[in-house]
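Here are my notes on the model, as numbered points. Please read them with the structure open.

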Amino acid sequence: MFRDGENDYTARMWVVFAVLALSCLVSPVAVSAADKQPPKELYDALNALRIDPAAVYSLEASNRIELRRGDAKLSFDEGRLAFFAPFGGRITGAVFAGRGHALALPRDPVEKQQMARFLGAPVLDQDFTSVYLRFTDDSAEDLLRQFKNASAAPQQDTTFAAQWESQLARANPQYSLRILFETLSQHPRHFFYAGLEGTATGAFDVLLDNMRMEQMLFAQPRKTGDSAFYDVWASYSIPGTSPPPVAFHALQYAIETSILANNSLDATATIHLRAETGGERLLIFQLSRALSVDSVADDRGAPLVFFQNEGMSLQERSVHGSDFLHVVLPEAPAQGQEFSLRFRYRGNVIEDAGNGVLFVGARESWYPHLGDASDFADYDLTIRWPRHLRLVATGAKLEEHEEGDSRAGHWRTDQPVSVAGFNLGEYEFASLPSEKHSVDVYANRQLEEALRSHLTRREPDAFTDLPAPFGVPSSRAQLEMPVAPPTPAGALKQLGQEIDSSIRFYETFSGPFPFRTLSVSQIPGTFGQGWPGLLYLSTFSFLPAEAQRRAGLSSAGQEHFTDLVPFHEVAHQWWGNVVGWSSYRDQWIDEAMASYLALLFADSQKLPEHKLRLWLTRFRKRLAEKSPHSDVLVADLGALTLGSRLNSSMSPNGFEQVIYTKGAWVIHMIRELLRQPGGKNPDARFTALLQTLATKYAYRALSTDDLQHEVEAAMTPSMDLEGNRSMEWFFEQWVRGTGIPHYRVEFSVHRGEKGYLVRGKLFQAGVPRSFLARVPLYAGNGTGHAVPLGSVIASGPETPFQFLAPDAPRRILTDPQMTLLCTTE
Ligand SMILES: [Zn+2]
């Protein structure tokens with residue numbers, strides 16, 4: 001599922017324990033005796049753990065105690081440290097109050113840069129006054145050994161233990177499931193967590209969790225205004241460690257759901273699963289908290305233990321869209337074993353935007369969903385809904401019929417998809433059938449209430465919901481417009497035809513359209529979403545230009561909703577719904593592809609308006625501007641590979657600001673590098689690259705490393721700037737790095753025997769000294785006509801050059817063809 005235009009992405013999965021524990025590893029360890037106890041009892045016992053009043057240690061400056069975990073060092077200089085009462089014979093926590101110091105140096109330059117953005121220095125170097133520790137590693141043994149060496153003995157201190165009572169009651173549930181998970185696993189992977197109260201920074205987290213893809217994490221929960229963020233200062237893998245493999249894979253989802261008159265769901269989902277590693281008992285599904293689970297049963301109908309949203313803090317809930325459902329199997333299935341789980345649940349995830357406009361809240365998971373955006377499975381949907389509404393869903397519709405006051409329909413996917421969705425409303429409908437696929441467009445006769453009241457107001461103002469560059473209130477002409485609201489259904493046929501042309505256009509680059517039908521349905525608000533075979537498009541995309549203007553859209557905003565958004569979402573049908581992504585570090589690829597292909601399509605439609613140049617220029621301008629509320633240029637917020645981490649309290653819309661703009665430029669630069677001017681099809685190599693990606697990575701994840709590898713397989717000698725058949729330079733600078741180069745040229749002309757000798761220097765700024773780029777230079781003669789001189793491989797702050805030209809250039813133009821993301825003088 002791809003949600004665009006809002007700063008909420010399902011990809012935040014890497015933060016919480018719950019999801020970090022999605023997978024597990026094989027490294028045989030004896031099963032603890034605790035696994036015989038019922039999971040609910042274990043969970044309650046873990047929540048109830050308190051400080052052992054007889055295990056309180058006093059720390060003097062003379063017997064400093066420290067813990068080294070991964071790259072972090074925590075020193076406990078002075079104060080009191082106390083252990084939790086044991087759980088199943090093991091100590092799983094400790095607390096500290098006093099004076100201490102945290103020190104950490106991330107290894108990776110990108111992570112250092114992020115640390116510096118948040119802390120002002122590329123290292124964590126902070127005093128703290130209190131700590132809450134939870135762990136399953138040997139932290140307790142380590143601390144006890146140090147106390148013993150320092151001849152420190154525990155004291156009885158009931159007052160100190162009591163002081164922590166309420167904090168433990170609040171904090172424990174977040175770690176209980178994580179500890180339970182390990183207790184139930186035959187291949188436990190340990191974790192260490194420290195929640196510190198920093199003197200200068202406030203509360204922050206240090207985590208080393210071997211169940212995470214990136215074990216080391218330094219982060220801070222933060223609130224600005226009404227928004228809650230989890231600012232990740234640094235997150236990375238410890239060298240020499242292997243990521244945990246996926247423990248379970250969903251093969252098929254069969255969902256039967258009734259949508260009742262009050263818009264609530266009453267559903268049964270049967271999920272067929274396979275144990276990939278064996279030895280695990282806990283499965284983690286995403287499921288909206290708005291839905292409550294009545295039961296989970298196994299193949300034989302026996303009820304299973306489950307936990308819904310337990311242990312999630314309010315802060316986690318506000319940061320994460322979807323919520324979690326943990327299911328415990330009575331025993332661990334063997335590797336390769338297939339089994340089914342049956343869920344019964346009900347609740348309301350359908351929002352009513354007024355005037356017959358209903359939609360499934362996008363950040364909600366309306367069925368228990370296992371895995372990430374690269375977890376492809378078959379879906380079978382049976383849905384019943386109120387008869388007066390029209391319903392569109394993922395998959396091919398097998399049949400639809402009436403049952404009293406309801407309608408019922410059956411859909412099945414033709415090929416695996418990573419997510420399924422539906423939408424319903426009082427829709428008008430138009431279908432454009434063609435040989436291989438049909439495009440069905442659904443729109444309401446009426447506008448959603450918010451927009452309708454906005455448009456009928458006497459003095460319209462900017463629609464407050466719009467992304468920053470698009471919501472600029474436009475002209476005074478607004479006031480003279482008639483007040484009758486337009487109807488979104490008016491544009492059905494035209495939008496359908498445009499979407500159909502975009503499908504044909506994209507097929508050249510990405511291969512045949514992957515679905516039999518593309519259903520396009522209107523959704524309130526300003527975002528778009530691309531489900532497999534189903535698009536949700538903002539009402540704005542259905543409105544005529546005049547109504548868009550009245551709603552407060554700037555001209556760039558109108559172009560955005562009319563020329564880009566629908567086609568960006570169509571491009572996701574391949575890039576996202578066929579080619580998947582798994583790590584948050586790779587999500588940029590599908591967004592960048594969708595963003596760039598939408599520009600290419602717009603460019604092909606609106607001849608001779610040069611939409612590609614227009615939008616690339618706009619994107620470059622946005623990247624070179626300061627990010628709102630900060631001194632940092634948008635291009636310097638962070639690398640593309642930071643994905644959803646770009647959204648933080650310091651840049652709430654960082655993802656959107658960087659990924660769509662710089663991402664599109666990166667794909668454009670790859671296309672320009674692969675271009676063969678003068679050939680029959682100058683884009684043949686670029687097209688072949690995209691076709692390869694779309695076939696080779698169909699129904700699985702495409703990573704940044706895979707992309708680099710495929711570009712290297714297609715690269716030409718002129719792309720080999722380092723002479724090692726590698727595109728490392730390009731990916732390091734543009735994908736894993738930040739910044740945009742700025743160029744300035746100084747030159748002189750001397751008349752020679754064979755023409756004019758042009759000598760000069762190319763100055764490069766704004767990027768690291770090691771930044772490499774092939775910079776095309778053109779001779780300008782003052783009439784607007786530019787003649788290529790040649791290109792200079794810029795390396796370092798200044799690079800000398802020399803060209804022979806038939807005429808004396810009046811000035812030298814840097815890359816007038818826009819092949820390189822740069823700024824010039
Ligand atoms: Zn997108």
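1. A definition comes first: two strands count as paired if DSSP finds at least two bridges between them. With that in hand, take β12 and strand β17 (residues 338-347), which pair in the antiparallel sense over 10 bridges. A267 has Y345 of β17 as its bridge partner.

2. This is a predicted model. The protein has 17 helices and 39 strands. Of its 825 residues, 59% are buried. Consider contacts between residues at least 6 apart in sequence: 70% of them join residues at least 24 apart.

3. β12 has another partner to check. Strand β11 (residues 248-259) runs antiparallel to strand β12 (residues 265-275), and 11 bridges join them. A254 sits opposite T270 of β12. The two strands make a hairpin with five residues between them. In that turn, N263 has a positive phi of about 70°.

4. Next, the open sheet. Its four strands come in the order β15-β16-β13-β20, and the pairing is antiparallel. Which strands stand at the edges? They are β15 (305-308) and β20 (369-370); each has a single partner strand, so one side of each lacks a neighbour in the sheet. β15 runs antiparallel to strand β16 (residues 324-328), joined by four bridges. V305 is bridged to V328 in β16.

5. Two helices lie across strands of this sheet. Helix α2 (residues 39-47) lies across β15 and β16 and runs at about 40° to β15. Helix α6 (residues 165-184) lies across β13 (282-286), β15 and β16. The angle of α6 to β13 is about 140°.

6. Strand β30 (residues 534-538) deserves a look. Is this strand mostly covered or mostly exposed? It is mostly covered, with five of its five residues buried. In a regular strand, side chains alternate between the two faces of the sheet. Here both faces are covered. L534, Y536 and S538 are buried on one side, and L535 and L537 on the other.

7. β30 pairs with β28 and with β29. Strand β28 (residues 517-523) runs parallel to β30, with five bridges joining them. Q522 has L537 as its bridge partner in β30. Strand β29 (residues 528-531) pairs with β30 in the antiparallel sense over three bridges. There, G530 is bridged to L535. The hairpin of β29 and β30 has two residues between the strands, and G533 takes a positive phi near 70°.

8. Now a helix pair. Helix α9 (residues 492-510) and helix α12 (residues 587-605) pack at about 120°, with their axes 10 Å apart. α9 passes α12 in a right-handed crossing. From α9, the contact is made by E498, S501, S502, F505, Y506, F509 and S510. From α12, the residues are L597, A598, L600, F601 and S604. By class, this contact has seven nonpolar, four polar and one charged residues.

9. S627 lies in the loop between α13 (611-623) and α14. Its relative accessible area is 2%. Buried means under 20%, so S627 qualifies. Setting aside residues up to four places away in sequence, S627 touches V632, L633, V634, L637, S651 and Q657.

10. I740 is also a loop residue, between α17 (728-735) and β33 (742-751). With 10% relative accessibility, I740 counts as buried. What lies around I740, beyond its neighbours within four places in sequence? The contacts are L623, A624, A635, A765, G766, V767, L821, C822 and T823. L821 is 81 residues from I740 along the chain, yet their C-alpha atoms are separated by 6.7 Å.

Notes:
Residues numbered from 1 in each chain as written. Predicted model: local features only at pLDDT ≥ 70, side-chain atom pairs only at ≥ 80, totals over all residues. Heavy atoms only, no water. Axes fitted to C-alpha atoms, helices over the stretch in contact; angles between N-to-C directions. Left-handed = near helix turned anticlockwise from the far one by under 90°. Contact = heavy atoms within 4.5 Å. Nonpolar A, V, L, I, M, F, W, Y, C, P; charged D, E, K, R; others polar. Buried < 20%, exposed > 50% of the residue type's maximum accessible area, 1.4 Å probe, protein only.
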